[in-house]
Each structure stands twice: as C-alpha cells, then as structure tokens.
Amino acid sequence: MDRAGHPDRRALLAGGLAVGALTLTGCSATSAAPLASSPSPEARPTTPAGAFARLMAGNRRWVSGDLRHPDRDPDRREFVAQGQEPFGAILSCIDSRVPPELLFDTGLGDLYVMRTGGEAVGPVVTGSVEYGPMTSGTPLIVVLGHQRCGAIEAAYKSLRDGKPLPGNLQAIVKALRPAYEQTVRQGGSDPVDTMARAQVKLTATDLRSNQDLAPLVAKGTLAVVGAYYSLDTGKVEVLTGAPS
C-alpha cells in the first residue's frame with residue numbers, strides 16, 4: 001500500500017504546490033492592482049466649479065463629522081510619489097486650529113497649502129500661490145481667513161496703539177495695514193473680525209487681478225475665492241469669488 005500510495009501523495013503534493021503558486025500569484029496581482037490605477041475615490045476636478053464643489057462637500061463632511069479621509073493611505077502615497085496634480089491651492093493662516101487638509105476633508109496630493117500669519121502676503125508667498133495654477137493647471141485658489149485670528153488681533157492692536165511688534169512680526173503688521181485701514185473706515189462692533197474678513201477680500205482681489213493670474217481668471221480656467229472659517233461651527237463661509 002505504501003508503494004501504491006506514493007504516486008498519489010506525489011500528485012497531491014504537486015497539485016498543492018501548483019495551487020499555492022497560483023494563490024501567491026493571485027495575491028501578488030491583487031496587491032499590485034491599486035498601483036495601476038488612481039486610489040483616489042474621485043477623479044481630479046479640472047474646472048473651478050468642480051474643484052470648489054469638491055472642497056465645499058468636504059467641508060460639509062467636516063461640519064457633520066461624516067468624514068471620508070480620502071487619499072490617505074500607502075497606495076495613495078505611492079501613486080503621487082512621482083508627480084502631483086492638486087486641484088486646489090489654499091492660502092490660510094498659521095493657526096493650529098485651521099488645517100486646510102482636515103477642514104476640507106482632503107488628502108495627500110489634493111492641495112497646495114500656503115500658511116502665513118493672517119494670510120499676510122509678499123512676493124514669495126504670492127509666487128507660491130501662483131505655482132499651481134501656472135505650472136500644473138490648478139483651477140482654484142482659496143484665501144481662507146478665520147474667526148478669532150491671533151495674528152489679525154495683534155496687528156490691529158499694534159496699528160491702533162502705534163506700538164510695533166518685536167522682530168519680524170512687524171513685517172506681518174505692515175502687510176496687514178491695508179485691511180486695518182479699511183476696518184477703521186468701515187467701523188463696527190468687532191473690529192478684529194471685520195479686519196479678518198477685509199484681509200481675505202483684499203488678498204483675493206489682489207490675486208485675482210495680478211498680471212499673471214488675471215488672464216487665467218479671464219479665460220475661466222481659474223477662480224480665486226475668498227472664504228472665512230468659523231472655529232465654533234467648523235463651517236467655511238464664502239465671502240467672494242465663488243465660481244458658478
């Protein structure tokens with residue numbers, strides 16, 4: 001029986017190895033499949049309206065807590081390792097409570113993000129904002145101010161009281177002076193909040209009309225939106241420039 005059984009055992013062993021090899025091959029193909037196509041749950045928006053809709057849908061999820069956390073896994077990391085095509089560029093404040101990737105529920109490779117105190121701008125910052133639209137066709141820029149902005153408040157008090165801030169903080173104050181002057185003219189019960197909103201609108205207007213971005217805006221391939229984030233609710237309010 002032993003000799004008669006050997007061929008059966010060899011056949012079973014050979015068959016088992018063949019099945020094992022097929023199983024390993026199948027596993028290998030399955031694990032490699034996500035790298036062959038974009039792991040992103042949705043196609044990249046290519047129009048200002050599409051990019052804006054994607055961002056605002058993400059913010060609604062942030063407000064409700066129904067988050068998707070898209071584009072945040074090893075497959076996505078590998079997919080964007082050799083190149084990127086972000087659909088939006090966000091200029092926001094350095095405030096730790098206002099991270100654009102979280103409050104718009106986006107992920108790796110989705111956004112260019114620039115953060116300065118009070119969205120203060122200068123040549124390097126402006127060039128950084130221009131980078132996406134001018135080099136990779138990013139269709140949307142959002143200037144995002146926020147509630148209870150510490151940089152805005154510090155600049156407001158410095159200008160109101162005539163007391164310069166120490167070190168390079170004074171450069172932020174200088175950059176925010178136009179928003180301060182508009183706030184003084186406008187008046188209101190909450191001048192810091194008024195100044196935060198004024199800074200967003202002035203910055204968005206300047207970007208929308210600068211010599212390099214204005215032609216893209218005129219062609220309809222770029223929109224520059226001014227927006228304001230509520231720390232209390234998590235909601236992004238559009239102030240200017242929403243694409244139709």
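Of the contacts (heavy atoms within 4.5 Å) in the protein chain with a separation of 6 or more, 69% are between residues 24 or more positions apart. The model is predicted: local features need pLDDT of at least 70 and side-chain atom pairs count only at pLDDT 80 or more, whereas totals for chains, interfaces and linings use all residues. Residues are numbered from 1 along each chain as its sequence is written, and side-chain values use heavy atoms, with hydrogens and water left out.

Begin with the entire chain in a cartoon view. The protein chain has nine helices and five strands, taken as DSSP runs numbered from the N terminus (helices H or I, at least four residues; strands E, at least two). Their order from the N terminus is α-α-α-β-α-β-α-β-α-α-α-α-β-β. Of the 244 residues, 40% are buried; buried means under 20% relative accessible area, exposed over 50%, and partly exposed in between, with a 1.4 Å probe and protein chains only.

Next, select strand 1 (residues 88–92). Five of its five residues are buried. In a regular strand, side chains alternate between the two faces of the sheet. Here Gly-88, Ile-90 and Ser-92 point one way, while Ala-89 and Leu-91 point the other way.

Strand 2 runs parallel to strand 1 and is joined to it by five bridges, with Leu-91 opposite Met-114. Strand 3 (residues 140–146) also pairs with strand 1 in the parallel sense, over four bridges. On that side, Ser-92 stands opposite Leu-144.

Two aromatic pairs occur in the structure; rings of Phe, Tyr and Trp (its six-membered ring) pair if their centres lie within 6.5 Å, and planes under 30 degrees apart count as stacked, over 60 as edge-to-face and the rest as tilted. The Tyr-112 and Tyr-131 pair is edge-to-face because the planes stand at 85°, with the centres 5.7 Å apart. Tyr-112 belongs to strand 2 (residues 111–115) and Tyr-131 to helix 5 (residues 123–135), 19 residues apart. Tyr-112 is buried at 11% relative accessible area, whereas Tyr-131 is partly exposed at 47%.

Arg-54 lies over the face of Phe-87, 5.2 Å from the ring centre. The charged end of Arg-197 is placed over the ring of Tyr-228, 3.9 Å from its centre.

Definitions and conventions:
A charge sits over a ring if NZ of Lys or CZ of Arg is within 6 Å of the ring centre and within 35 degrees of the ring normal. Two strands pair if DSSP finds at least two bridges between them.
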